[in-house]
Each structure stands twice: as structure tokens, then as C-alpha cells.
Amino acid sequence: MTSPAPELRRRDGTPPRVLVVDDEQMLTDLLAMALRMEGWDVRTAASGFDALAVARDYGPDALVLDIMMPGLDGMGVLQRLR
């Protein structure tokens, strides 16, 4: 019998924050739902520029970025956030 995986938490005890960014709403919703079911605090963005604004206010611990988006793609978001 295996024991369940330990629950991930931030240092302050809150769930990890993740920002999911994709221009395809169905994919964003599906991934966000799966992460929420695992106990993560999830925010979403539909474009690279929206992602920058959300990341600034939200302060995510992790990002899930679509690489190919119109306008500012995932690599561009990553470069600007660094």
C-alpha cells in the first residue's frame, strides 16, 4: 500500500499559486480545473500581455505558458518576467 503524495504548500501554509496562460480557452479551463482539484490556487490569462498584468498582481509560484500565441508568445512573457 502506497501513501499519498504530500500536499504542496507555500511557506505561509497557503496553496501554491500557478498562472495558466493559453489563447485556447478550452485548454486553459481544463488545465486550471485539474490544478484546482489538486489544491492549487490558479489564475488564468488568455494572452501574453494579460499574463504580464496578472503575474504582476498575483505573484505566481509557477507558470504554464503556451509557447505559440499571437502578439506576445510564451517565451516573450518569460523573458519579460525574468
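Which residue in E2 is the bridge partner of Val20?

1. Start with the pairing. This is a predicted model. In strand E2, Thr44 is the bridge partner of Val20. That bridge belongs to a set of five joining E1 to E2 (residues 41–45), and these two strands run parallel.

2. Now look at the other partner of E1. Strand E3 (residues 62–65) pairs with E1 over four bridges, again in the parallel sense. Here Val21 has Leu65 of E3 as its bridge partner.

3. E1, helix H1 (residues 25–37) and E2 form a β-α-β unit, and the unit is right-handed. Trace it in the structure above.

4. Is E1 enclosed or open? Four of its five residues are buried, so E1 is largely enclosed by the rest of the structure.

5. Turn to the largest nonpolar core. Nine residues make it up: Leu19, Val21, Ala45, Ala51, Leu52, Ala55, Met69, Leu72 and Val77. Strand E1 (17–21) and helix H2 (48–58) are the elements that each give two or more residues. H2 has the largest share, with three residues.

6. Which residues does Leu72 contact, leaving aside neighbours within four places in sequence? They are Gly48, Phe49, Leu52, Val77 and Arg80.

Methods. Residues numbered from 1 in each chain as written. Predicted model: local features only at pLDDT ≥ 70, side-chain atom pairs only at ≥ 80, totals over all residues. Heavy atoms only, no water. Core = buried A, V, L, I, M, F, W, Y, C linked by side-chain atoms within 4.5 Å. Buried < 20%, exposed > 50% of the residue type's maximum accessible area, 1.4 Å probe, protein only. Contact = heavy atoms within 4.5 Å. Pairing = 2+ DSSP bridges. Right-handed = clockwise from strand over helix to strand, strands pointing away.
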